[in-house]
Amino acid sequence: MEQKPIYVTRPEMPPLEEYVEKLKEIWESGWLTNMGNMHCCLEKELKKFLGIEKLFLFTNGHIALETAIEALELTGEVITTPFTFSSTTHAIVRKGLTPVFCDINSSDYTIDTNKIEDLITEKTSAILPVHVYGNICNVEEIDKIAKKYNLKVIYDAAHAFGVSKGKKSILEYGDASMVSFHATKVFNTVEGGAVIYKEPDIGKKLLALKNFGIRSEEKVDYIGGNAKMDEFRAAMGLCNLKYMETFIRKRKQIYERYVERLEPLSGIIVHPLLAEAQSNYSYFPILVQEEEAGVDRDEIYEALRKEQIFARKYFYPLTSGLNCYQNRFHPEETPIAYETAKKVLTLPLYSNLSLEQADRICQIISQLIGRKEML
Ligand code: T4K
């Protein structure tokens, strides 16, 4: 019997009837966008859920990041990592700034804070680290460096919805954090995102910039764009938010099953979660060490594909190696990130993935390694 395809992720969805109820409210109100009732409700509910005070919704995570960069008035050079989705680097470049790539550490793939200071020049205005896969950056050390050199900090927290360190939300660190609510994320509003910020002045600017810079009917303070989340997406967010605990609980079960089955395999590296962290189980990356596994990452990727299992090479190539940046940046300059990107494979993970499907994925990987071991 032909197997149904299994993708790296599937959107987390609420029961359709609940969304339809919200649609009826939108119809009755005749208010479709421009900070309507659903939008305001979602902002309020998210602040409660995340335990944070200051948050604005945006139409997607990328534009939220660009707007945060603009609101914080960054200039010149921005220290960041290339082991991320293209969005992080594009946001910096599209705002007329120069990304300066810092290497990552091999334990959790976040920025190596020991290497930041060497990259600071008189042109540096900020650090833009990524909580990649929801792994927490060394936020205390980043704070210290930023204070010492008077730099701003914006976190790309696209993957870090609901992640906390101890009791504190990870989104509270830095001057601002961007979180993505794209369909592929642990919490989604179809497309969407938010900026969490500290200073009220930055808040005022963010709010204006996402709505053409408008302050009032006759006053336009900034040359802003349009980055407002509409009512249909906010409604999706309100519906999904109610199920977050269930989604995360189910993801955790699959995550743990993967760890149990894959950790013992030679050449497969599963990175450990921080003991003091509350994870959102958003991605399941493995590193394939060819020397021990006897197979490389691409062979596993292809073997899974043959079985209609579409794992993804998040994040390969490095953003510094993307063809649009050819001759401009050099991926070899961040050797750990360069090596990691060649070995990483992100396995399917979402709440509706069954444990049997996860077992099947592990079995394919394990058989492939076993076969090579026997040769
Ligand atoms: N910063 C970081 C670190 C990010 O990872 C991202 C986004 C951003 C910034 C920007 O945030 P947003 O502007 O997107 O809010 C996907 C997502 O589109 C992207 O949001 C995400 N990161 C990135 C890591 O993954 P692709 O190009 O890999 O997506 P795609 O279309 O190949 O989808 C992946 C799989 O998901 C598909 O194979 C099947 C499944 N899928 C996807 C969609 C859209 C579904 O089952 N249903 C769907 O509706 O980028």
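Let's start with strand β2, residues 55-58: Leu55 and Leu57 point one way, Phe56 and Phe58 point the other way, and all are buried. Buried means under 20% relative accessible area, exposed means over 50%, and partly exposed is in between, with a 1.4 Å probe and protein chains only. Strands here are DSSP runs of E with at least two residues, helices are runs of H or I with at least four, and both are numbered from the N terminus.

Before going on, a note on the source. This is a predicted model, in which local features need pLDDT of at least 70 and side-chain atom pairs count only at pLDDT 80 or more, while totals for chains, interfaces and linings use all residues. Residues are numbered from 1 along each chain as its sequence is written, and side-chain values use heavy atoms, with hydrogens and water left out.

Back to β2. Its partner is strand β10, residues 193-197, and the two pair in the antiparallel sense over 4 bridges. Pairing requires that DSSP finds at least two bridges between two strands. Phe56 has Val195 of β10 as its bridge partner.

Next, a sheet. Three strands make an open, antiparallel sheet in the order β13-β15-β17. β13 (268-270) and β17 (344-347) are at the edges with a single partner strand each, so one side of each has no neighbour in the sheet. On average, neighbouring strands are turned by 35 degrees against each other, direction ignored. Between β13 and β15 (residues 284-288) there are 3 bridges, and Val270 has Ile286 as its bridge partner in β15. Helix α8, residues 244-262, packs on this sheet and touches β13, β15 and β17, with its direction at about 15 degrees to that of β15. Contact means heavy atoms within 4.5 Å. Helix α10, residues 297-306, also lies across β13, β15 and β17, at about 25 degrees to β17.

Now helix pairs. Two packed helices are described by the angle between their axes and the distance between the axes. Axes are lines fitted to C-alpha atoms, for helices over the stretch in contact, and angles run from 0 to 180 degrees between N-to-C directions.

How do α2 and α7 cross, left-handed or right-handed? The crossing of α2 and α7 is left-handed. That term applies if the near helix is turned anticlockwise from the far one by less than a right angle; clockwise is right-handed. The axes of α2 (residues 37-50) and α7 (residues 231-241) come within 8 Å and cross at roughly 35 degrees. On the α2 side, the residues in contact include Leu42, Leu46 and Phe49, and on the α7 side they include Ala234, Leu238 and Leu241.

For α3 (residues 61-71) and α4 (residues 86-94), the axes come within 9 Å and cross at roughly 40 degrees. The crossing of α3 and α4 is right-handed. Among the residues making the contact are Leu65 and Ile69 of α3 and Ala91 and Ile92 of α4.

Last, some backbone details. Glu73 is not a glycine, yet has a positive phi of about 55 degrees; its place is the loop between α3 and β3 (77-80). Glu73 is exposed, at 54% relative accessible area. Tyr133 also has a positive phi, about 60 degrees, but is buried at 3% relative accessibility. A cis peptide bond joins Tyr314 and Phe315, with omega about 10 degrees. Another cis peptide bond joins Tyr316 and Pro317, with omega about -5 degrees.
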